[in-house]
Amino acid sequence: MSDRYAIVGNPVAHSKSPWIHAQFARATSQDIDYGRLEAPLDGFAATVERFRAAGGKGLNVTLPFKQEAFALCSTVSERARVARAVNTLLLETGFGDNTDGVGLARDLAQNLKVEFRTVLLLGAGGAAQGVVGALLDAGAERIVIANRTVSRAKALAERFPRASGCAYDAVRGERFDLIINATSAGLSDEAPPLPPGLLERGVLAYDMVYGRDTPFLAAARRAGARTCDGLGMLVEQAAESFFIWRGVRPQTRLLLEKLRGA
Ligand code: NAP
């Protein structure tokens, strides 16, 4: 029988992860079966346990469960410890890792070939938590985290050097090389309440949401900024999870081109 993996979250119906992992498995001759698990909002741990008891080998975790996944692990990687959020579970050992940060950093460096010194990170949920450390490692000299719930932005920033947290209004009049939308606002066709003037020519506006033209990306395009969705991050973080589970690193470039319909 194939080794079983899945993505667990709520919602998960839109996830491209099953297709991506099936492509990785084919390309690397790994015998895996990768599905979707929608967990009730109050039933994450029970859903994970049922999957493990039925022989499941590993899980990817998506919103809103990354912090709960972190709490569930018996051991975690250094980058998951720093993030306090887990998106990759190895069920046999209870080990948790976070591949979001390395996924974003690889997309920015290898696929988009973008250089940046200053970053505005919108959102302070599981996805934002996972990428602050990697952005600093990738050379960010200053990261400002803006979030609707300001206390979450401040609490996240306090854990890192060269980072600060604030309300959206507080970044009015500032300039950043890279503005990353790590909120889930785009999933409901909303934009985070960014003050006017920040999205402009010379800025890269990156939305972690993928597969749809979000209001954030549309506004950035209208303002003349360079734009990118989260598809590259998705593929790169998936490749890192696949490597953790299977010990084989799949190629990502052709798959990303295929997904983008190039
Ligand atoms: P999460 O833990 O639920 O956090 C959601 C974040 O979005 C919070 O900061 C929340 O602010 C903010 N938010 C939600 N609706 C908003 C709105 N209408 N206006 C302003 N802020 C809003 O979710 P997550 O795990 O961080 O995921 C965030 C997004 O990133 C999701 O869309 C997910 O699909 C995407 N993602 C993509 C990748 C990829 O590989 N491309 C990887 C990870 C995540 P409050 O704190 O004020 O509630």
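1. Exposed means over 50% relative accessible area, buried under 20%, and partly exposed in between (1.4 Å probe, protein chains only). D189 is exposed, with a relative accessible area of 51%. Although D189 is not a glycine, its phi is positive, at about 55°.

2. The model is predicted: local features need pLDDT of at least 70, side-chain atom pairs count only at pLDDT 80 or more, and totals for chains, interfaces and linings use all residues. Residues are numbered from 1 along each chain as its sequence is written, and side-chain values use heavy atoms, with hydrogens and water left out.

3. R162 is likewise a residue other than glycine with a positive phi, near 60°. Its relative accessible area is 45%, and R162 is thus partly exposed.

4. Which residues come nearest to the ligand? They are A127, N147, T149, R152 and E190, of the 25 residues around it (a heavy atom within 4 Å). By class, this shell has eleven nonpolar, nine polar and five charged residues; nonpolar here covers Ala, Val, Leu, Ile, Met, Phe, Trp, Tyr, Cys and Pro, charged covers Asp, Glu, Lys and Arg, and polar the others, Gly among them.

5. Oxygen atoms of the ligand lie 2.6 Å from a side-chain N or O atom of T149, 2.8 Å from one of N147 and 2.9 Å from one of R148.

6. A cis peptide bond joins N10 and P11, with omega about 10°. Another cis peptide bond joins L63 and P64, with omega about 5°.

Definitions and conventions: Polar contact = N/O pair within 3.5 Å; in protein donor to acceptor, adjacent residues only side chain to side chain.
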